[in-house]
Amino acid sequence: MVDTQLVDGSGRRIDYVRMSVTDRCDFRCVYCMAEEMTFLPREQVLTLEEIQRLAGIFVGQGVKKIRLTGGEPLVRKGIVGLCAQIAALPGLKELVMTTNGSQLVRLAKPLADAGVQRLNISLDSLDSEKFRAITRTGDLQQVLAGIDAAREAGFKRIKLNVVVMKGRNADEVPALVDYALERGLDISFIEEMPLGNVGRSRGESFCSSDEVRATIAQRYQLIDSTESSGGPARYVRVEGYPASRIGFISPHSHNFCSTCNRVRMTAEGRLLLCLGQENSIDMRGLVRRHPTSDAPILQALGKALQHKPAHHDFSVDGEVQIVRFMNASGG
Ligand code: SAM
Ligand code: SF4
């Protein structure tokens, strides 16, 4: 199989693309969105055909892994069919998805059947009231039922994602770990990133991965691991629970930029070269201007990659440096 042809200006090989299929969502998580959001008009969002075409172009260039995300990918009409089309692209090794789990009771099995191999499901709390407070609109029982449906649907792996915030859910770290270990699921704890003005200072609630790890280590024996799932998480194994891994995603305390192998595409087709910077190219304009020829798109892509930033510019005081919200970036 050919190696990726997408190499950036710092020599990093890009073989992983995260594609946001919508900026819309049925939740309004406090770290991701403001309470009142204006979403993109439909004509500015890539059509399913455009997303499929771009996925084909990336895979043709040697991309091995595609993650569909959002917004909430499962609120996009036609998502299962899109998954089936992308999963069938020759050369793609893995199609995976990040979801808030609210639609999984209905969609877990169709997604697995369509060829989605792994799911990341966000779960920030096991307490219905706290869950509602964090997601503003979410129903915990619906998400837990969705996780059960996903466990039965035959995915290769399921990972829970937790954004840890002091004063909101940091006290639930042990309960969330128990929940994952009892079910043989992976779980990743994420440091909050300063994307978009969400109407509060993020610095106050910041909880470092080192603190989370220390909390878990009080109950479980943790074994360092060099495993990678192709993303930014660092993993540990847990003595006595061989099926699970615990991950830490630490954009602040452990900068992961030097091994960055990915780019992101927003729902409106902006290819973001780095989550923490504004450099991007307008893929929507390119696909709409060149409906039948891929050559100009490939040329623009190769040129843009030379400008992928060497590192992000987040700082721990939590001040907003990037005006984009996470739902627009494709987490
Ligand atoms: N709606 C889906 C979900 O929530 O899983 C997929 C999109 S969401 C933007 C992708 C991931 O980004 C989720 O795990 C979410 O917790 C995380 N996320 C959103 N805003 C964040 C922020 N400001 N800092 C760190 N992680 C964030
Ligand atoms: Fe929606 Fe996911 Fe953002 Fe929460 S984190 S508001 S579920 S896109």
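Trainee: Why is arginine 67 counted as buried?

Mentor: Buried means under 20% relative accessible area, while exposed means over 50% and partly exposed lies in between, using a 1.4 Å probe and protein chains only. Arginine 67 has 4% relative accessibility, so it counts as buried. Before we go on: this is a predicted model, where local features need pLDDT of at least 70, side-chain atom pairs count only at pLDDT 80 or more, and totals for chains, interfaces and linings use all residues. Residues are numbered from 1 along each chain as its sequence is written, chains are lettered from A and ligands numbered from 1 in the order in which they are written, and side-chain values use heavy atoms, leaving out hydrogens and water.

Trainee: What does arginine 67 touch?

Mentor: Contact means heavy atoms within 4.5 Å. Leaving aside residues up to four places away in sequence, arginine 67 touches Tyr16, Val17, Arg18, Met19, Val96, Met97, Thr98, Arg118 and Asn120.

Trainee: Where does arginine 67 lie, and in which strand?

Mentor: Arginine 67 lies in strand E2, residues 65-69. Strands (E, at least two residues) and helices (H or I, at least four) are DSSP runs, numbered from the N terminus.

Trainee: What makes E2 mostly covered?

Mentor: Five of its five residues are buried. Lys65, Arg67 and Thr69 are on one side of E2, with Ile66 and Leu68 on the other.

Trainee: How do you know that E1 and E2 pair?

Mentor: Two strands pair if DSSP finds at least two bridges between them. Five bridges join E1 to E2, and the two run parallel. Arginine 18 stands opposite arginine 67 there. On the E3 side, four bridges join E2 to strand E3 (residues 94-99), again parallel.

Trainee: What makes a crossover right-handed?

Mentor: Look with the strands pointing away from you: the path from the first strand over the helix to the second must run clockwise. E1, H1 and E2 make a right-handed β-α-β unit. The crossover from E2 through helix H2 (residues 79-87) to E3 is right-handed too.

Trainee: Which cysteines does the "binding site" annotation cover?

Mentor: The unreviewed UniProt entry covers Cys25, Cys29 and Cys32 with that annotation. UniProt positions follow the numbering used here, feature names are shortened, and annotations may be inferred rather than shown by experiment.

Trainee: Why is cysteine 25 called buried?

Mentor: Cysteine 25 has 18% relative accessibility, so it counts as buried. Cysteine 32 is buried as well, with a relative accessible area of 13%.
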